[in-house]
Amino acid sequence: MRRAFIHILIALIGLFAATPLWADEGKANEVKATRLWPSPEYSRVAFELGEAASYKYFSLNNPDRLVLDLDGVEPNAALLDMCGKVSPSDPQIASIKVGKNRPGVTRVVIALKTAVRAQIFPLKPMGDYGHRLVVDIYPANQDSAAEKPADTAVGKAAKGVAEQEPVKEPKAATGIALAGKDAKSAKPEYVRLITVAVDAGHGGEDPGAKGANGSHEKDITLSIARRLKTLIDKQENMRAFLTRDGDYFIPLQERVNKARRAQADLFVSIHADAFAKSHARGSSVFALSEKGATSAAAKWLARHENEADLIGGVNIDVKDPYLKQTLIDLSQTQAISDSLRLGRAVLTELGGINQLHKGQVEQAGFAVLKAPDIPSILVETAFISNPDEEKRLTDEAYQDTLANAIVAGIKHYFEKNPPLARNKVAQSL
Ligand SMILES: [Zn+2]
């Protein structure tokens with residue numbers, strides 16, 4: 001008895017003693033996967049590791065390179081795989097090389113096509129992902145959106161930034177369409193051009209929901225969003241821009257910022273989510289709630305959607321300069337009542353082409369709907385988790401049908417709520 005006890009004791013002491021030794025000596029950290037997300041705005045390299053990464057980095061010029069040393073990491077297939085993944089059309093990255101630098105240190109050299117500014121940050125395990133180390137590479141002449149100066153009031157900031165904005169968002173509504181074609185008319189009738197921000201939910205590191213047959217929400221939302229943009233651009237007095245036009249991640253707040261910089265009249269976020277129950281079906285439309293959610297399901301969905309930033313990966317060390325001004329803006333109540341009107345118009349049209357999940361516009365605290373001055377809705381086109389609806393969602397003809405219904409809803413909304421004239425437009429004449 002006593003002997004057995006001592007044996008166990010020795011074994012336990014051995015374990016305690018061995019643990020720190022192993023930790024010091026081996027420190028083996030395995031790269032499980034690598035992913036590259038090139039885009040015109042920034043290129044992202046993501047390393048997924050067995051443990052939190054220990055790393056150092058520096059940059060070299062002539063030619064421009066970013067060097068990343070990963071401690072306790074051995075070059076393996078997942079890491080080497082990355083070298084072959086660089087797309088020739090990547091706007092920032094020319095090539096990636098991986099090699100053993102010294103015992104226990106693997107060096108990753110990212111050759112750059114242009115001068116860049118990089119953000120390197122770790123992410124804790126989230127969703128289906130383990131520990132991640134993320135390298136975001138922005139062109140040097142373009143500020144990463146989150147670092148833009150926050151020195152001016154709401155209106156000024158929105159306008160000021162729009163003028164420097166290098167991405168292809170339209171600038172503030174300076175365009176106008178001439179509606180009255182009668183040249184004899186004494187007063188020509190000008191119609192203000194309506195700008196619609198079309199937001200394809202999720203993207204890049206954040207796949208969104210997954211369908212039973214393997215489709216990803218992020219691909220479906222982008223395809224529907226592009227169709228919606230094409231349809232909106234065909235309208236005489238409307239134009240659309242996409243908050244993302246590729247498979248890359250945009251933080252929720254940045255989607256809102258883009259719409260504000262472009263002085264969008266509407267913000268429409270496209271989704272196709274999953275619910276725990278695969279028989280859940282139908283389309284729904286959501287608006288922001290200042291107070292509580294209108295149902296438990298709406299609350300669940302908003303929480304789920306807001307996790308996009310955690311899954312997609314946001315550098316929390318960079319403060320968003322727009323956040324504060326968004327919170328203090330008092331026009332939110334008006335924006336919400338307009339959002340509900342827009343939501344009802346779109347929901348009515350969706351009811352004509354698909355079963356509705358709920359007969360009214362629901363509300364919850366969706367971060368992507370928080371523009372204080374832009375009516376904003378989130379459209380859950382259908383449930384990707386329902387096999388029947390997944391099949392329809394991946395069908396191009398049905399994607400067109402969905403886009404048509406949304407644009408019809410937008411037009412009905414503007415018929416009843418004409419956009420207010422902007423002083424700015426008058427001045428620009
Ligand atoms: Zn979604």
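Start with helix 4, residues 217-234. This is a predicted model, and in it helix 4 has 18 residues. From its first C-alpha to its last it reaches 26 Å, close to the 26 Å expected at 1.5 Å a residue.

Which residues of helix 4 are buried? The list has Glu-217, Lys-218, Ile-220, Thr-221, Leu-222, Ile-224, Ala-225, Arg-227, Leu-228, Lys-229 and Ile-232. Keep one rule in mind here. An α-helix has 3.6 residues a turn, so residues three or four places apart point the same way.

What covers those buried residues of helix 4? The cover includes strand 11 (194-200), strand 12 (238-242) and strand 13 (266-271). It also includes helix 10 (387-393) and helix 11 (396-416).

Strand 14, residues 284-288, runs parallel to strand 15, and three bridges join them. One to find on screen: Ala-287 has Gln-363 in strand 15 as its bridge partner.

Next, the cores. The largest nonpolar core has 61 residues. Val-196, Val-346 and Ile-406 have the most contacts inside it. Apart from it lies another core, of 27 residues, including Val-45, Leu-68, Val-116 and Ala-118.

Back to Val-196. What does it touch, beyond its neighbours within four places in sequence? Its contacts are Ile-232, Met-238, Ala-240, Ala-264, Asp-265, Leu-266, Val-268 and Ile-410. Ile-232, remember, is one of the buried residues of helix 4.

Zoom out. The chain has 12 helices and 16 strands. Of its 429 residues, 39% are buried. Take contacts between residues at least 6 apart in sequence: 74% join residues at least 24 apart.

Last, confidence. The chain averages a pLDDT of 83, and 77% of the residues score at least 70. Two stretches stay under 50. Over residues 8-25, pLDDT is under 50 and the model has zero contacts beyond four places in sequence. Residues 423-429 are also under 50, with five such contacts. Where pLDDT is low, the predicted coordinates should not be read in detail.

How values were computed. Residues are numbered from 1 along each chain as its sequence is written. This is a predicted model: local features need pLDDT of at least 70, side-chain atom pairs count only at pLDDT 80 or more; totals for chains, interfaces and linings use all residues. Helices (H or I, at least four residues) and strands (E, at least two) are DSSP runs, numbered from the N terminus. A residue is buried if 20 or more other C-beta atoms lie within 10 Å of its own, exposed if 12 or fewer, and partly exposed in between; C-beta atoms are placed from the backbone. Two residues are in contact if their C-beta atoms, placed from the backbone, lie within 7 Å. The expected span of a helix is 1.5 Å times one less than its number of residues. pLDDT is the predictor's confidence in each residue, from 0 to 100. A nonpolar core is a set of buried Ala, Val, Leu, Ile, Met, Phe, Trp, Tyr and Cys residues joined through C-beta atoms within 7 Å. Two strands pair if DSSP finds at least two bridges between them.
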